[in-house]
Structures are given as C-alpha cells and as structure tokens.
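Dear colleague,

Please find below the structure that I am handing over to you. My notes on what was found in it follow.

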Amino acid sequence: MPRTSTRNQFTIVRFIKDDPVWERFDGQTLHPVPHPDQASKSLRSLPVLVLIPDRLFFFFQPESDHHSGSLRQRTAAARLELEQIFPTQTSEHGPGILLDAGRTHLLGCLPHPELTEFARRHQDILARANAVTTPFFLAWNAGHRRKIESWVWDNPEDGATAAMLHGQMTFFPGNGAELETRIAEASGTGNTGQPLQVNTQWSLPDLLQAAPDIGWSQLRLPLPAAAGEGLDLRRLVRWCIAATLLGGLLCTGQALRLTAQQAQVKQWEQATHRLYAEVLPPPLGDDPFGRLLFRHGQLQGPIQSGPDALAMLGLLSASAPSDFHVETFSLGPNSGIIRARLADYEQLETLLKALEGQDRLRFDLDQASSADDAVLATLRVSY
C-alpha cells in the first residue's frame, strides 16, 4: 500500500501549455489547490516540487554508465564523451553530468535553448521550489532507487515516451507500435535471449511517491542563472553567514591567543626587571640592559694586580730570625721599601737567603749599617 505519512505530502507545480498548475500530493493522489499566496498556512508550509517539461532538457546515457571503474573515472570518461558528441556547446550551457541518488549511475544533461526564457517567465515559481526537475529525471532516479531495470514513462504533456529497456535508455514520440518494436529490439540484445517483460509503466503518482525517498537535493536540475536567482540569493546569504561565523571564530581565537601572549610577555618583563634589580644598583634607568653590558665589559678586562701587604709581612715573619723587627715600610705601584732591625750581619745574610726564590716577590738589599749593637737594613721588594 502507498504510504500517506506527512513526509509524503508536498505541493506540486506542473506546466500545461506553459501555464502553472498548483496541486497537493497526499501520498496517493493529486488535489488542485489555490496559489500559495491564497492558500492556508499549513499548505504554504509544505515542500514545493516543480516539474518542468522534459523538452527543456536533452538527456543522454553515456557509454561509461555501463563500464566498471571508480565513480571519478567513469564521470571523467562520460564528460569527455559528451564533449566529443556535442562540441559546439558553450561552456556556460555545455553538457553536465548528473548522478542518481545512489551515486552509481551517470546521465548526461544538456539544457534546451528555450530553458532560459522559460525560467525568466516563471522565475517567481522556481524561486519557491525545494527542487526543480522533470518527470523523466524523476522516473530515472525512481527506477534506480527501486532497482527496476526496465520501465516506461508516457508523458501526457509532451506526447513523448521514455523507456529504460535492459538498462538502456530510449526516447521516441508516444506510439504503442513503436514501443513494441523497441522492446523487441531490446529483447534481441539481452543477455538471456528471452522476450523482454516491461512490468513497470510509471504513472505520475507512482513517481511522486518515490520523490521523498530520492531526496529534494538529488532531484534538482541545473538551471540558468536567471531561473535560480532567488535560490542563488538564498545560497549567497547562507555562504555569507557561514563566512561571517567562520571569520568571527578565527578572530576570537586570535584574540584569545593574543591575550595569553600579552600576559606571558608581561610576566617575562617583570621577571627580567627583578633580575636587573639583583645585579645593578638603583635606579635602573631606561636601558638596564646597556648598563649590564657595560658592567660585563668591565669584568672581562685584564685583572690589575697590586701589592699584598699582609702576604709580604707574613713572608718576612716566616723567614726572619727572632730578633728581626720591621721599623717602617712603604709600598709603591711596582715596588716597596722595608726598613728593619737585626742583631747582626749574619742574621741579615740568613734572611736574604731565605727570601730568595719567591714567585711573585723579589727582595734586594739596598743598604745596611751598624747602630747601637744592631744592624739597620733597607730592603727593596719588587712585585
């Protein structure tokens, strides 16, 4: 039994002698309805399927539809085949490739020159449609959807017959004798050699029952720009909204990254300021790094060595006899003078021998004299 659920109810627009006829399909039959502007709200909410005449398109079954291979390879072969068969078609209105709902079968499609003018006259109607298609394209999809290899569609508006016989598509003016002839020819080319039985002869309600299963997007046919102006505008609005949302997300992400980086930079600046304060006396000034480099240069310079008075006196004390006393001493940049008192010259000679061989200090006797049972000696130390 045909299904009559809400999903299978929609509005149909057909064209009889170029006049639009509005109908409602309830899942089984068609009912006349007024123009949507005069219809009820519930009727206006139904999807709209527009069926334009088959004569406005030329459909062609490419040879690659019967070949094996990936869909991409078969589509490229079909496009090349159509371009070779119809070389005079411009790129704007040239052949296109259509796919069935299962994306397994190919169909070539060329618009008729009358399509542009037809679309201009009925632009308002086409702009309302969820899908614009032809009865044959609907039958072709329905046959593949229901896995029917042979079927016939008689179009009462065009007076033409379309048939799929053993998977081969054929068109001819509606004539019963011609149909029998073509069925007989298809029987002779079939694999079984048995007479071809065509048990499916589509009626319009049969095709309409299959439309929701096929899907509105799959039934849409390529229309000239003038015909799809309303649809293109809605599509453009959707693209603009999507681009705006995407741009907003990108900007928000960059702003969050910038905020996090600024906070990290601030932490680094504070830590660097604390390090400068530990090694440089205040105030730090505007260029603490320059001051740090200057200080580093100073520390890298040659070490200036000067006299070490304690080391010198310690050396004298360790080498001198017990009666040795330093009277005075003075130190200059490179040498110093030490005046000392000893008991006799023998102690002086012992002291000088003890001071020989020092690495950094050199002791020389400048003067020695006797006074009050003692010897006064003047020593020069070089460093």
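A residue is called buried when its relative accessible area is under 20%, exposed when that area is over 50%, and partly exposed in between (1.4 Å probe, protein chains only). By that rule Glu 23, at 9% relative accessibility, is buried.

Please note that this is a predicted model, in which local features need pLDDT of at least 70 and side-chain atom pairs count only at pLDDT 80 or more, while totals for chains, interfaces and linings use all residues. Residues are numbered from 1 along each chain as its sequence is written, and side-chain values use heavy atoms, with hydrogens and water left out.

Overall composition

The protein chain contains twelve helices and 16 strands; helices (H or I, at least four residues) and strands (E, at least two) are DSSP runs, numbered from the N terminus. Of its 383 residues, 35% count as buried. Taking contact to mean heavy atoms within 4.5 Å, 61% of the contacts between residues at least 6 apart in sequence join residues at least 24 apart.

Glu 23

Glu 23 belongs to strand β2 (residues 19–25). Its side chain makes a polar contact with the side chain of Arg 14, at 2.9 Å. A polar contact is a pair of N or O atoms within 3.5 Å; within protein, one must be able to donate a hydrogen and the other to accept it, and residues adjacent in sequence count only if both atoms are side-chain atoms. Neighbours within four places in sequence aside, the residues in contact with Glu 23 include Phe 10, Ile 12, Leu 30 and Val 33.

Helix α7 (residues 204–214) is largely enclosed by the rest of the structure, because eight of its eleven residues are buried. Among them are Leu 204, Gln 209, Pro 212 and Ile 214. Gly 215, which follows α7, has a positive phi, near 105 degrees.

In helix α11 (residues 309–319), the buried residues are Met 312, Leu 315, Leu 316 and Ser 319. They lie on the same side of α11, because they cover an arc of only 100 degrees around the axis (taken from the directions from the helix axis to the C-beta atoms). The buried residues of α11 pack against elements including β13 (325–331) and α12 (345–355). Exposed Leu 310, Ser 317 and Ala 318 sit on the face turned away from the buried side of α11.

Cysteines

Cys 109 is buried, with a relative accessible area of 3%, whereas Cys 240 is partly exposed at 41%. Zero disulfides (pairs of cysteine sulfur atoms within 2.5 Å) were found in a search of the whole structure.

With kind regards
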